[in-house]
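Grab your viewer and work through them one step at a time.

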Amino acid sequence: MTEQRILISGASIAGLACAYWLRKYGFAVTIVEIAPTPRQGGQAVDLRGAGRTVIERMDLLEDARSICLDQAGISWVDERGHPRAAIRSDDFDGEGFISEIEILRGDLVDLLYRELDSEVEYLFNDTITGLTQDASGVEVVFRHAPARRFDLVIGADGLHSAVRAATFGAEEQFVKPLDLYTAWFTAPAFDDLNGWYQTYNRAGGLVASVRPGRVRTESKAALSFRLRRGEMIRHNRHDRLAQVALLDERFADAGWRTPQLLEAARTSSDFSFDVMGQVDLDRWWNGRVALIGDAAACPSPLSGLGTSVALVGAYVLAGELSTGAGHVAAFEAYDRIVRPYAEGAQQLAGGTGGFAPMNDLTIRLVQASMSWATRWPMRGFMQKQFNKSTDIELPHYPRAGLNV
């Protein structure tokens, strides 16, 4: 039988992991990526629960451990940098806010990219601009490359998925904003972190955080703010100067390390700024097109489970396609198996208020609750949230290459 040709949009965690498994099963894989290389940079992501199991089944767990961050835990600090609450990385058996394996997103992307065989085709500096399906395939129009035909298309292109827009409809129909905006960037190292991921809250829904990087001269920072009631802002995702100006306005006189972080945001080579949101679709596939990762069911960075959802979705979708039952049966099975896991990840305990409190009283209450996180009765509540990472029974699929 002729080798099936599958196009994946997005060379990040979900897309590369899916390509890895599809190649194991004998599919011909092409990856289109709007960036000039697989996406580097970014903050730390968690390898926990079922996501860690997928990495283990890829025989990459020890490699991941070798490049993970060395972190003592997470602490909530006041304006003077004094800790008000802390959770160590080994609390909750390494499955807490700071998981046993925390790895920079770019490092995980690089690890997956290096595992793909030479027969994977890449279309960098390009993106999908049109999809037309019929009974036997998908005609794909690219911004730069000539139009081509594929048997199946997989959208692994994130919150602002071009594949989802072309196949399902406008982003506004499926992306639920969480009224939070966040900038992520690399900053110079802070010698007094001592391995701790520090988080600072300021009334008005402001959040600043900094954590050690893998390189001794770097730290990984974030500045987040919550919209006020009834407030709306419009931002151009490609206008960095306007984004930094907005951060300057929000964090003026915010205290703690924010002056240094704002300065770093102006010059960092990996600065990114975006709204936080969740994706909600009744079905993750349409005809010969399917979505995985954030494109299908983004749980938001607040969940701590975005990487697990991406890895699990990639593994199951490729595995179901490997059975040879046909793409309709494979897509249906993938949706049925992974959806409960993804929906659980999207249930944020306490909503967004605990992450970005609007007043000093709520800040103090959050800090108090975190100081009791490892003790009764908070421990049981927290453990229930962290257990979501393992709340799926992963199927086993054949490892031998198939040509289906």
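**Salt-bridge exercises**

A quick note before you start: this is a predicted model, where local features need pLDDT of at least 70, side-chain atom pairs count only at pLDDT 80 or more, and totals for chains, interfaces and linings use all residues. Residues are numbered from 1 along each chain as its sequence is written, and side-chain values use heavy atoms, with hydrogens and water left out.

**Exercise 1.** Find how many salt bridges the whole structure holds.

*Solution.* Start with the criterion: a side-chain nitrogen of Lys or Arg within 4 Å of a carboxyl oxygen of Asp or Glu. Run that search over the whole structure and you get 27 salt bridges.

**Exercise 2.** Work out which parts of the chain Arg65 and Glu100 link.

*Solution.* First, check the contact: their side chains form a salt bridge at 2.7 Å, N to O. Helices (H or I, at least four residues) and strands (E, at least two) are DSSP runs, numbered from the N terminus.

**Exercise 3.** Is Asp90 buried or exposed?

*Solution.* Take the cut-offs: buried is under 20% relative accessible area, exposed over 50%, partly exposed in between (1.4 Å probe, protein chains only). Asp90 has 54%, so Asp90 is exposed. Its salt-bridge partner Arg88, at 3.9 Å, N to O, has 45% and is therefore partly exposed.
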